[in-house]
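Dear colleague,

Please find the structure below. My notes on one helix and on a ligand site follow it.

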Amino acid sequence: MKKILTGNYTVSQAVKLSRVEVIAAYPITPQTSVVEKLSEWNASGELKARFIKVESEHSAMASCIGASAAGARVFTATSAQGLALMHELLHWTVGARLPIVLVNVNRAMAAPWTVWCDHNDSLAQRDTGWLQFYCESNQEVLDSVIQAYRISEEIQLPSMIMMDGFFLSHTSEPVDIPDQKDVDTYLPRREAPYTLDVDDPHTFYGGTVPQYYAEMRYKIQKTMEEARGVVNKAALEFKETFGRSYNPLEFYRIEDAGTLIVSSGTMAGTARCVVDELRDEGYSVGAARIRIFRPFPVEEIRQAFGGVHKVGVIDRNISFGQTGIIFQEIKSVLYTEKERPLLFGFIAGLGGRDVTMATIRRAFEYMNTHDEPEEPVLWLDIKR
Amino acid sequence: MVGYQKIEGRIPEQEWLSCGHLACPGCGEKLAMRLALKALGKRTILVVPAGCSAVVDGMFPHSSSMVPFLHTAFETTASAAVGVRAGLDVRGVDNVTVLAWGGDGATFDIGLQALSAAAERNENILYVCYDNEAYMNTGIQRSSATPWGAWTGTTPYDHPKDRPKKDMMAIMAAHKIPYAASASVAFPEDYVNKLKKAKAIFGTRYVQVFSPCPSGWKTPSDISVKVARLAVESRIYPLYEIEYGKRYTITLDPGPIAVKEYLKLQGRFRHLTQAEIDQIQHNVDETWEELLEKVR
Ligand SMILES: Cc1ncc(C[n+]2csc(CCOP(=O)(O)OP(=O)(O)O)c2C)c(N)n1
Ligand SMILES: [Mg+2]
């Protein structure tokens, strides 16, 4: 059934369809209406879950951890400051191997206060070990939440679903809502391999000496590597049931492209429009979108970027003292390739600044007129 | 209720804590946990934050707990326990006591926000604070449970703690939770009775159990129970219950003796002058009077 929904409403819908059993969440702009809608449905009985009305995001994640360790399917949502407050427990969740799903409505970090979108909040959580999905549409948000539970519960690692604050969270789009029975078939009830059980008592996450700790980390990394296959399998089976397909790296008109524009989140749609324009003008240009950031789509990048002459990465984030984060990651993947494209690292859209077609055109024009970047960080639309 | 009376009730014989744990000789916490598990029995799940209690249970893959034991981050004792309860509830697991087990640092300080939130919502958990009056696991630093005048690593002898112990019982009572009680490892029947009573109540239940720490208090390891007994007898650590934030009952008052008798056994108080000891006696008397006011 198709409906016109905001991104936040879509998240709530996805939580309901996934038959989440425990929710612990705390309001923050632009995530707030997710919490409100879930509370409303919970109160009316439409959503059969336990909603823990915690006093902070830190407690939200702690309660999620407790409930997940007790075997339940759990959910939380947050943004920026809230995600940062959870940081300690994001690490904990991974070490504890709990398949929690979190929606982060991307918002730039303070100071100064801001509520608008960029990706530094979630990218700062890169090394915690959560799977990270960056969505471009509300439909993708819905589909990704459902897929994330499938994936996480198979590999015992948590997933973070990102959507751009306001650009998606507060924008209405047509969303195809799947039938509950199809979702139930795709996503059966969670069966935890081990749990807190008075009839089978175990001690979880106690002090661990160097003799064991490293092996536990090794297993997480191995699982992350294997997750690539699990993610693709989940996407394939999703397509079989629901008809929509997703890839870790999404491409647009890359056939014979000499130049590639790489982005993530909602910028990607704008980039496609620019590609159409440029193609009409005779330029051989295509676009790519990083959908899954962890595990990073290493093979896909190697294969697709190898023959390209120039690749421009538009990062909606900045790692101070280095470059944009996705730019760094792509660069490190391509280092070992014999045929390496020229790489250009652009920064745009910080703190919610619009990334317009003109912005992306400027990135293309820069690449078109330069044989190599003049600076490691190329700021688009910046007042100096 | 002055003087010793016979306390009804027996300590169950079944053990839920094995030998081989790593606690120091004379550890009050281990005694408190052993008794708590005896009182609560098999259908108990422990939620334990950073602190001595987390460490002395044993290092992976060893554990001395015979009930499920969830380690959790330092400040999340209450919030993680709330999550466990929710998880059990939605999965239809009944008749389990979710036992949040935090030290005074985890409770009075870093985890106070989460505990206050859980209490305000009257979440169905039994929270026990084993109170050894400092951060012992990190090597004896002050907490807000450290009493006035005490030495710790961060309140050295020439600058001992110059503020009174936080009145955590009053803070919990202010949340109007169904049950709050202070207890002591020196009075196991009283402690066990309180836990059994708490077990049968729905909602947030708080028990604060006085747990001597020989290494932190600079006492010989064979007098922990004696020190704990003197704390009650001197009324520096009175044993009472608060129901629904207003019904106060002193459950046991074997004293009084002079607080000096309690202080003089402990190295952490050895620097105190007579004037300072008099000051502590004055404060104890005053606080006792205030407690009697509330009982009336
Ligand atoms: C966020 C955080 N800060 C600091 C620590 C270090 N730390 C571990 S236990 C502890 C003190 C514990 O004190 P208490 O709760 O009184 O328990 P005790 O060790 O006395 O049994 C501290 C400071 C930590 N684990 N986590
Ligand atoms: Mg302590």
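Helix H13 of chain A (residues 357–369) has 13 residues and should span 18 Å at 1.5 Å a residue, which agrees with the 18 Å between its end C-alpha atoms. The expected span is 1.5 Å times one less than the number of residues; helices (H or I, at least four residues) and strands (E, at least two) are DSSP runs numbered from the N terminus.

This is a predicted model, in which local features need pLDDT of at least 70 and side-chain atom pairs pLDDT 80 or more, while totals for chains, interfaces and linings use all residues. Residues are numbered from 1 along each chain as its sequence is written, chains are lettered from A and ligands numbered from 1 in the order written, and side-chain values use heavy atoms, without hydrogens and water.

The buried residues (under 20% relative accessible area, 1.4 Å probe, protein chains only) of H13(A) include A:Ile360, A:Phe364 and A:Met367. The buried residues of this helix pack (heavy atoms within 4.5 Å) against elements of chain A, among them helix H10 (267–280) and strand E12 (285–290).

Turning to the ligand, 17 residues surround ligand 1, each with a heavy atom within 4 Å of it. Nine of these residues are nonpolar, six polar and two charged. Helix H4 (residues 104–109) of chain B gives the largest share, three residues. An oxygen atom of ligand 1 lies 2.7 Å from an N or O atom in the side chain of B:Tyr130, and an oxygen atom of the ligand is 2.9 Å from a polar backbone atom of B:Ala134.

With kind regards

Methods. A polar contact is a pair of N or O atoms within 3.5 Å; within protein, one must be able to donate a hydrogen and the other to accept it, and residues adjacent in sequence count only if both atoms are side-chain atoms. Ala, Val, Leu, Ile, Met, Phe, Trp, Tyr, Cys and Pro count as nonpolar, Asp, Glu, Lys and Arg as charged, and the others, Gly among them, as polar. Buried means under 20% relative accessible area, exposed over 50%, partly exposed in between (1.4 Å probe, protein chains only).
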